[in-house]
Amino acid sequence: MSSLRPVVCNASPLIAFQAIDRLDLLRDVLGEPFWVPEAVALEVSRTVPLPDWISVQSLTQPMTAQILRSSLGFGEREAISLALLCQASMVVLDDLSARNYTERLGMNVVGSVGVVVRAKHLGLLSQAGPTLVELRDTGLYISDRLFEKALRTAGE
């Protein structure tokens, strides 16, 4: 097992980036090792085949009572629990309440929009706007305010 702290991802970013055929951006922007918990792998595998650079991990300890009592979805709870257990370098979540919850736990969080902005800054995309539009067109909710903020942050 790698000594590097992994990135842990929830289902929606995987599904969204696969829908626009840019799953590579997650790996290229956030690095490896790249982990998903079993619940996320089950949810995603219905629509997206997981590439070999994504490792499916079992929770080695039960979820905390605090996480179990949260109103988050099961995949989000497992992703956050796995991230806590492995001291993940980053947690990739799109749901705002899940992101806020994870930030309150002191963890680094990024969503699909943030990945696109980072990809632009890293030179992996010449423009963030078209990729954000594609993600929106696949059904990923991006508010107008967040869309505009992302464009400003990307320098567009």
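The legends below describe close-up views of one predicted protein model.

Residues are numbered from 1 along each chain as its sequence is written.

**View 1. The whole fold.** The protein has nine helices and five strands. Helices (H or I, at least four residues) and strands (E, at least two) are DSSP runs, numbered from the N terminus. Along the sequence they follow the pattern β-α-α-β-α-β-α-α-β-α-β-α-α-α. The C-alpha trace spans about 45 × 30 × 30 Å along its principal axes. Of the 156 residues, 48% are buried. Buried means under 20% relative accessible area, exposed over 50%, and partly exposed in between (1.4 Å probe, protein chains only).

**View 2. The largest nonpolar core.** This core has 38 residues. A nonpolar core is a set of buried Ala, Val, Leu, Ile, Met, Phe, Trp, Tyr and Cys residues joined through side-chain atoms within 4.5 Å. Among the residues with the most contacts inside it are Leu14, Leu26, Phe34 and Leu135. Phenylalanine 34 touches Val7, Cys9, Leu14, Leu26, Trp53, Ile54 and Ser55, not counting residues up to four places away in sequence. Contact means heavy atoms within 4.5 Å.

**View 3. Glutamate 78, a buried charge.** Glutamate 78 lies in helix 5 (residues 74-86). Glutamate 78 is buried yet has no salt bridge. A salt bridge is a side-chain nitrogen of Lys or Arg within 4 Å of a carboxyl oxygen of Asp or Glu. The nearest side chain of opposite charge, arginine 77, is 8.5 Å away. A polar atom of the glutamate 78 side chain lies 3.0 Å from the backbone nitrogen of alanine 39. Glutamate 78 also touches Pro37, Glu38, Leu59 and Met63, among others.

**View 4. Lysine 120 and glutamate 156.** These two residues form a salt bridge, with the closest N and O atoms 3.4 Å apart. The pair links distant parts of the chain, 36 residues apart. Lysine 120 sits in helix 7 (residues 112-121), and glutamate 156 in the segment after helix 9 (144-154). Lysine 120 counts as buried at 19% relative accessibility. Glutamate 156 is partly exposed at 36%.

**View 5. Aspartate 24 and arginine 22.** Aspartate 24 forms a salt bridge with arginine 22, the closest N and O atoms lying 3.0 Å apart. Aspartate 24 is partly exposed, with a relative accessible area of 23%. Arginine 22 is partly exposed, at 24%.

Technical notes
This is a predicted model: local features need pLDDT of at least 70, side-chain atom pairs count only at pLDDT 80 or more; totals for chains, interfaces and linings use all residues. Side-chain values use heavy atoms; hydrogens and water are left out. Lys and Arg count as positive and Asp and Glu as negative; His and the chain ends are not counted. A polar contact is a pair of N or O atoms within 3.5 Å; within protein, one must be able to donate a hydrogen and the other to accept it, and residues adjacent in sequence count only if both atoms are side-chain atoms.
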